[in-house]
Amino acid sequence: GFHADISGGAGPHRLIFAVPVRRDVTRGGKPLGALVLTMAPERSFYALLTDETVPTRTGEVLLFRMDGKELSYLSPFRGAPAGWSAQARSLDELAAKIPVAVERKDTFAELTDYRAARVFAATRWLPGPRWGLVLKIDRDEVLEEFHQAGRLAGLAATLLIVAGGLLLAGLWYQRRGARLLRDQIR
């Protein structure tokens with residue numbers, strides 16, 4: 001079957017795709033060889049992940065890999081990591097979502113990312129290369145508009161209460177003035 005990997009270690013990373021070539025594809029015969037494509041992931045592959053269709057301050061797509069039970073990030077980070085422990089914690093929280101994602105069910109959860117920030121994250125598992133994608137955005141950025149709308153609704157409610165109070169006070173003064181005028185006429 002199809003195989004994909006990112007290699008590199010200390011040197012530059014290389015994205016490697018390998019597909020077996022068979023004489024008779026329908027019978028699954030012995031492979032004649034393999035077609036192998038290598039490329040520098042920085043050139044175009046990572047650019048696909050970082051291309052923003054909807055610009056955000058904190059949103060990003062990260063590619064990760066599972067080696068046995070260990071997870072590691074493959075793609076570069078948009079922000080600065082908060083240290084090794086924050087990155088390890090983010091991978092541990094992400095690892096808890098993998099069993100569900102492997103069953104071809106996308107997951108959505110609130111997690112801690114590699115910057116030690118609380119984020120909303122959606123994950124998708126790519127079974128062929130045993131990679132995963134996580135799309136994440138800071139919780140504060142997502143809820144910012146909600147909080148802004150709440151503040152505006154509170155301000156509008158306050159203005160309505162004040163306007164209603166002024167209207168009632170005006171009516172009370174008008175009736176009081178009318179009563180005083182009536183009492184003077186009598």
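Q: What covers the buried residues of H2?
A: Buried means under 20% relative accessible area, with exposed over 50% and partly exposed in between (1.4 Å probe, protein chains only). The cover of the buried residues of H2 includes strands S4 (60-67), S5 (70-73), S6 (107-112), S7 (118-126) and S8 (131-138), together with helix H3 (98-102). Helices (H or I, at least four residues) and strands (E, at least two) are DSSP runs, numbered from the N terminus. This is a predicted model, in which local features need pLDDT of at least 70 and side-chain atom pairs count only at pLDDT 80 or more, while totals for chains, interfaces and linings use all residues. Residues are numbered from 1 along each chain as its sequence is written, and side-chain values use heavy atoms, leaving out hydrogens and water.

Q: Which residues of H2 are buried?
A: An α-helix has 3.6 residues a turn, so residues three or four places apart point the same way. In H2, the buried residues are Ala 86, Ala 88, Ser 90, Leu 91, Glu 93 and Leu 94.

Q: What does Leu 94 touch?
A: Contact means heavy atoms within 4.5 Å. Not counting residues up to four places away in sequence, Leu 94 touches Phe 64, Leu 71, Tyr 73, Leu 111, Thr 123 and Val 134.

Q: Where is Asp 113 placed, and is Asp 113 buried or exposed?
A: Asp 113 lies in the loop between S6 and S7. Asp 113 is buried, its relative accessible area being 2%. Among the residues that Asp 113 touches are Ala 86 and Ser 90.
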